[in-house]
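Got your viewer open and ready? Load the model, show it as a cartoon, and follow along stop by stop.

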Amino acid sequence: MPGGSGSSSRTGVRVVVVGDRGTGKSSLIAAAATESVPEKVPPVHAPTRLPPDFYPDRVPVTIIDTSSSLENKGKLNEELKRADAVVLTYACNQQSTLSRLSSYWLPELRRLEIKVPIIVAGCKLDLRGDHNATSLEEVMGPIMQQFREIETCVECSATTMIQVPDVFYYAQKAVLHPTAPLFDHDEQTLKPRCVRALKRIFIICDHDMDGALNDAELNEFQVKCFNAPLQPAEIVGVKRVVQEKQHDGVNDLGLTLSGFLFLHALFIEKGRLETTWAVLRKFGYGDDLELRDDFLPVPTKLSPDQSVELASEAVEFLRGIFGLYDIDNDGAVRPAELEDLFLTAPESPWDEAPYKDAAETTALGNLTLKGFVSKWALMTLLDPRHSLANLIYVGYGGDPAAALRVTRKRSVDRKKQQTERNVFRCLLFGPQNAGKSALLNSFLERPFSENYAPTTGEQYAVNVVDQPGGNKKTLILQEIPEEGVKKILSNKEALASCDVTIFVYDSSDEYSWKRTKELLVEVARLGEDSGYGVPCLLIASKDDLKPYTMAVTQELGIEPPIPVSMKSKDLNNVFSRIIWAAEHPHLNIPETETGRNRKRYRHLVNSSLVFVSVGAAVAVVGLAAYRAYAARRNSSS
């Protein structure tokens, strides 16, 4: 399996050279730039550019020399923070400069939080006497153990040109083909993200899905990644190497996943990282081992009141893959089965908020089909790029450009008095202890709890709601904690991505009702000011308690409150009613007094304009009639 360059998309590499005074920094740069022994070297060399054809990866290298004097420390720190890689020098004939690597320079780079590869260069090799001859491994081994950020060490001489080009080659290579994302030196194993990416690539190349790459599949893989076929003798040689070291790496069918991973670990151990990176980049991976943007054709929203949904083909794929992982056909997948599904993704996307507890599960904590599809809908709405990437990671084979769709503007939906959306986003407002979290739990079929804990941070609940006629819509409820209201209402576009807002209050508590009305007016005012008014519904929770007597007026132009009791499980078909409100975006949009006055003023202005227009038209017609009359009279006389 010959290696290729596997270059990243970088257009240049910036290398900053640092070290004690007199260690040979400027001479090293001059020798690399001129490819000859430097005769006269300035104290600090000017920025130097090695052209694209200097190294096989054909990426230019810019080398920045630095001064180690105290008065230039500010400039040195600036240059280090712009570096892609650092070359740290010491003089082979001065033991004190070697000691300073671990006593000053490497700790200083950590203090500055310079998180780039470091190449240690031992300069003036020609001046080291035979009595000081010790192996590089013996000299640098303990330092490299302590400072894992050191990528490699090179001894060189600008006077004899020994290994001078190698210093900057290794610096460039460490940037273009980094070790850190792929390999754990402490454990001497591939890192989890690398294993997951290579496993996905193996599955893609295993066309007959027999768990092994046969000779034809191996050859196709080789041509795809390196544009060169493998000869039969080379395939035999690859398998022999694997069999000698990895007993389960080859079977009668071909190269197994275990053997495939072993080969890449072997390439990395032998310093051939460019081979593994060539494979990863061919299949769309960036340096973070996630799919690059050029492999993710995410549709663009042109307006804030548009949203992104999964296309029907993608939903059907997800339903099918759910069935594959629901091994016992009980309509739910266990956490371990879900983890297996995402073994070809960088990590499971639902282990953290806002996805972790956002969907329906069984009493045993297994994810139902409705919950599975709902989590994908939530991820698509909140982070379309992440959703599309994970869709591809788990094996979606359709056209990625058609996997997601952008919905019509909600302002257009309002004019047409209907919507084509399948996923609705609902913001849930209300004072503390009003029953917002209890409503979310009821939505996810979770038992009612008397224990109250105020919500901190964003919380979502998403589920599929069955509608009359067999239609299914996905509803996303986002609870807004009372302390988060000010922040969300300070954003003029906060309601643009929302299809409906819900205001929950404790029907037995006077303050809860009054505060809810205040919140409703604030949201209505934001809708009027921004032009993103949304349908609003009132929910009177705790209907099982003695209600507070209040006069519920229709002054804002919305429906009366919907009484519900989560404790007694009397939900009054509330979630279908929320969906109905979202499907009728022109109704239940509240009006404040200011909004009504503004509307009356616009109506008055428009009426005045019509009156003026009609008056002008009458005047024009009258003038024309007079002229015709005058013309007839003149002709008769």
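Of the contacts in the protein chain with a separation of 6 or more, 70% are between residues 24 or more positions apart; a contact here means heavy atoms within 4.5 Å. What you're looking at is a predicted model, where local features need pLDDT of at least 70, side-chain atom pairs count only at pLDDT 80 or more, and totals for chains, interfaces and linings use all residues. Residues are numbered from 1 along each chain as its sequence is written, and side-chain values use heavy atoms, with hydrogens and water left out.

**Stop one: the whole chain.** Colour by secondary structure and you'll find 20 helices and 21 strands (DSSP runs numbered from the N terminus: H or I of at least four residues for helices, E of at least two for strands). The radius of gyration is 35 Å, well over the 26 Å that the globule rule gives for 637 residues, so the chain is more spread out than a compact globule. That radius is taken over C-alpha atoms, and the rule is 2.2 Å times the number of residues to the power 0.38. Along its principal axes, the C-alpha trace spans about 115 × 85 × 60 Å.

**Stop two: Ile201.** Select helix 6, residues 192-205, and pick out Ile201 within it. Is Ile201 buried or exposed? Ile201 is buried, at 0% relative accessible area (buried means under 20%, exposed over 50%, partly exposed in between, with a 1.4 Å probe and protein chains only). Now show its contacts: leaving aside residues up to four places away in sequence, Ile201 touches Phe221, Phe260, Val279, Leu280, Phe283 and Tyr285. Phe221 sits 20 residues from Ile201 in sequence, and their C-alpha atoms are 9.4 Å apart.

**Stop three: the cores.** Ile201 and Leu280 are among the residues that touch the most other members of the largest nonpolar core, which has 76 residues. Such a core is a set of buried Ala, Val, Leu, Ile, Met, Phe, Trp, Tyr and Cys residues joined through side-chain atoms within 4.5 Å. Highlight helix 9 (residues 257-269) next: with eight residues, helix 9 gives the most to this core. For a second, separate core of 28 residues, select Tyr55, Val87, Ala174 and Val175, which are included in it.

**Last stop: Asn366.** Go to the loop between helix 12 (335-341) and strand 14 (367-368) and select Asn366. Asn366 counts as buried, at 8% relative accessibility. Its contacts, again not counting residues up to four places away in sequence, include Ala332, Arg334, Pro335 and Glu360.
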